[in-house]
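Let's take a friendly walk through this structure. Please have the sequence and the 3D view open beside you as you read.

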Amino acid sequence: MTARTLFEKVWASHEVVPETPDTPAVLYIDLHLIHEVTSPQAFSELRARGLPVRRPDRTLATMDHSTPTASDQVFGRVPITVDAAARQVQTLERNAAEFGVELFALRDPRRGIVHVISPELGATQPGTTIVCGDSHTSTHGAFGALAFGIGTTEVGHVLATQCLLQRKPKTLAVNVEGRLPPGVTAKDLILAIIGRIGVSGGTGHVIEYRGPGIRALSMEERMTVCNMSIEAGARAGMIAPDETTIAYLRGRPRAPQGAAWEAALERWRNTGTDPGAAFDRSVDLDASRLEPMITYGTNPGMVVPISGSVPRAAGDPVHDQALAYMGFHDGEPMLGKPVDVVFIGSCTNGRLEDLRAAAGILKGRKVAKGVRLLIVPGSQRIKQEAEAAGLAEIFKSAGADWRESGCSMCLGMNGDTVAKGAYSLSTSNRNFEGRQGVGARTLLASPLTAAAAAVAGRITDPRGMI
Amino acid sequence: MEPLQHVRSRTAVLAATNVDTDQIIPARFLTTTTKEGLGKQLFADWRYLPDGSPNPQFALNRPEAQGCRVLVAGRNFGCGSSREHAPWALADYGFRAVISTEIADIFRSNALKNGLLPVTVDEASARWLLEHPGAEVDIDLTRCEMTLPTGAVVPFPLEPFARHRLLHGVDELGFLLGKRGEIERYEAARPW
Ligand code: SF4
């Protein structure tokens with residue numbers, strides 16, 4: 001048999017009907033994740049056609065995008081302040097109840113950002129197909145799943161048939177040699193990769209991240225990398241399952257148990273790319289040569305090493321527009337630029353390891369005067385773990401605002417926004433114009449760089465603070 | 001979905017590259033639970049001034065851009081989020097086609113499901129279109145060709161099934177529901 005890639009194996013094992021020149025493949029979906037923002041119209045469509053959800057047992061709903069992070073709105077008697085958000089939350093509750101879909105509602109201890117809770121529960125598994133009406137579904141590829149974002153019409157397709165019509169994408173290997181130096185994180189690695197291939201460099205492709213630099217990463221770090229695959233335009237990002245993956249999944253509530261676990265291990269160990277399998281394209285990168293990265297513009301590909309400067313490209317309209325929005329100038333150094341808000345959270349960097357990294361810097365230090373530090377755990381479980389581990393105490397004594405879980409300031413739908421013109425150093429994944437609030441200026445970086453900036457009040461190399 | 005065979009219109013030009021879905025429709029407007037009426041919020045942060053009045057500098061607010069059903073944009077249009085609100089907003093505003101040298105994957109797929117035709121063209125044709133706002137184009141879906149006012153005929157790729165669906169107004173969900181037998185057999189044969 002010819003050597004196949006991880007992607008090709010997962011794809012082939014989910015073809016209900018293979019593609020032909022005239023028709024796309026009918027692809028089976030193992031796990032469908034749902035949230036409140038991109039599902040209401042899909043449920044309406046099912047209702048209009050009198051269709052049930054085909055596999056409620058393969059469907060999992062949570063609320064995260066528009067949910068409040070203020071404890072009194074989540075648990076107290078204070079209503080959700082954003083009316084339309086309250087309506088969406090209620091709509092999801094009604095839809096989940098009517099269609100028999102399991103929902104982690106607002107006060108459920110298992111609730112959190114959709115891409116954080118599914119791995120945490122062990123529902124995200126190697127060799128499976130996972131979709132969600134959300135582009136950062138690519139996160140789950142860290143487990144060797146084929147996971148990608150879909151639109152609301154397709155959410156309806158999966159609800160009704162557990163399948164999607166899909167053309168087979170191409171493959172792109174990103175080979176990472178060397179290990180990340182201390183103080184340089186998975187976030188810096190993926191920002192460097194995007195800087196290298198560009199924000200549309202992965203269009204039409206599924207990326208497989210490979211090589212010793214990837215094997216050395218923890219599951220949390222792998223999720224950070226796969227999460228931002230979409231920022232390179234890729235359909236999905238994948239990492240072959242290995243012993244790190246297995247150790248992470250063992251004993252999780254939704255992972256297979258007993259004999260099923262043994263059978264799963266057998267399958268998972270054969271899921272990786274065969275030696276000699278061909279990719280459509282490949283890119284090589286040496287992790288050991290990286291330094292902390294930071295964005296200066298209005299897309300994640302506009303990124304430089306933290307000791308670098310805003311590139312000189314005056315006259316290029318894209319560059320000029322981005323710099324005008326950011327209030328930056330050609331050739332200015334990034335280090336020392338003041339920040340107003342620091343956001344630590346999101347499905348990119350809102351997991352326990354990220355919070356630990358930030359706490360390492362914040363311990364015994366104070367947030368700079370005039371800076372707002374907002375720390376939002378990726379899930380309620382992470383919130384509890386961070387509190388049990390004493391991290392929350394460190395955050396609070398440093399002067400940070402410690403919240404309930406959710407997407408929060410990553411996209412500013414729930415009222416957690418950055419003011420017009422203010423600089424926000426954020427661990428999230430998008431620095432688009434207005435992403436964190438109208439006129440907000442976002443700089444993307446790692447949790448270490450974020451914590452260092454919160455303490456210094458300006459962009460600072462975190463390596464001097466760990 | 002209405003069958004779509006031809007789009008004949010003047011073009012509105014948005015020269016920016018990497019126009020992401022957060023610009024097409026900012027997140028604060030995603031709190032809707034229906035598809036209708038999003039055209040008002042299309043490009044909200046570029047289109048309106050802080051006081052809510054139209055920004056005269058913005059391309060779509062120019063008098064000559066009124067009534068255009070074809071949008072020409074810079075490279076990598078529709079990148080970012082998977083929100084289908086983006087094509088809903090464009091279609092609700094009145095666009096039937098978007099032309100660029102590169103269109104992001106999820107946006108392309110969402111657009112095709114909402115009768116909004118994603119047209120990817122070569123660099124030279126795109127440059128010509130960007131330099132000639134208001135040009136009258138004729139997009140012919142039956143041949144996958146676009147005719148420019150210069151007489152130039154520009155072919156564009158379109159996945160055959162998507163083309164078939166658009167031409168005949170075929171509903172994708174209906175097609176998938178018709179595969180029920182195959183889906184049941186697949187589910188029964190799975191080892192896990
Ligand atoms: S945290 Fe941000 S990127 Fe992640 S799912 Fe929420 S809004 Fe999307």
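How many aromatic pairs does a search of the whole structure find over all chains? The search gives 13. Please keep in mind that this is a predicted model.

**Aromatic pairs and charges over rings**

One of these aromatic pairs is formed by A:Phe7 and A:Trp11, and its geometry is tilted. The ring centres are 5.8 Å apart, with 45 degrees between the planes. Both residues belong to helix H1 (residues 6–12) of chain A, and because they are four residues apart there, about one helical turn separates them. As a general point, an α-helix has 3.6 residues a turn, so residues three or four places apart point the same way. A:Phe7 and A:Trp11 are both buried.

In chain B, the planes of B:Phe43 and B:Trp46 meet at 10 degrees with ring centres 6.0 Å apart, so this pair is stacked. The cut-off behind that label is that planes under 30 degrees apart count as stacked. B:Phe43 and B:Trp46 are buried as well, and together with B:Phe58 they form one aromatic cluster.

Two rings of chain A have a charged side chain over them, as listed here.

| Charged residue | Ring | Distance to ring centre |
|---|---|---|
| A:Arg252 | A:Tyr248 | 3.9 Å |
| A:Lys337 | A:Phe328 | 4.2 Å |

**Strand S9 and its neighbours**

Is strand S9 (residues 170–177) of chain A largely enclosed or largely open? Six of its eight residues are buried, so S9(A) is largely enclosed by the rest of the structure. S9(A) pairs in the parallel sense with strand S10 (residues 205–210) of chain A, over six bridges. Within this pairing, A:Leu172 is found opposite A:Ile207 in S10(A).

**A five-stranded sheet**

Which strands make up the open sheet of five in chain A, and in what order? The order is S17-S16-S15-S18-S19, with parallel pairing. Strand S17 (401–402) and strand S19 (441–444) of chain A are the edges, each pairing on one side only. S17(A) is joined to strand S16 (residues 372–375) of chain A by two bridges in the parallel sense. In this pairing, A:Ile375 faces A:Trp402 of S17(A).

**Helix H15 and what covers it**

Which residues of helix H15 (residues 380–388) of chain A are buried? They include A:Gln380, A:Ile382, A:Lys383 and A:Ala386. These residues cover an arc of only 160 degrees around the axis, so they lie on the same side of H15(A). A:Gln384 and A:Ala388, on the other side of H15(A), are exposed.

What covers the buried residues of H15(A)? The cover includes helix H5 (114–121), helix H14 (352–362) and helix H16 (391–398) of chain A, along with S17 of chain A. That strand is also an edge of the five-stranded sheet. After H15(A) comes A:Gly390, with a positive phi near 80 degrees.

Terms used. Residues are numbered from 1 along each chain as its sequence is written. Chains are lettered from A and ligands numbered from 1 in the order in which they are written. This is a predicted model: local features need pLDDT of at least 70, side-chain atom pairs count only at pLDDT 80 or more; totals for chains, interfaces and linings use all residues. Side-chain values use heavy atoms; hydrogens and water are left out. Two strands pair if DSSP finds at least two bridges between them. Rings of Phe, Tyr and Trp (its six-membered ring) pair if their centres lie within 6.5 Å; planes under 30 degrees apart count as stacked, over 60 as edge-to-face and the rest as tilted. Buried means under 20% relative accessible area, exposed over 50%, partly exposed in between (1.4 Å probe, protein chains only). A charge sits over a ring if NZ of Lys or CZ of Arg is within 6 Å of the ring centre and within 35 degrees of the ring normal. The arc is that of the directions from the helix axis to the C-beta atoms. Contact means heavy atoms within 4.5 Å.
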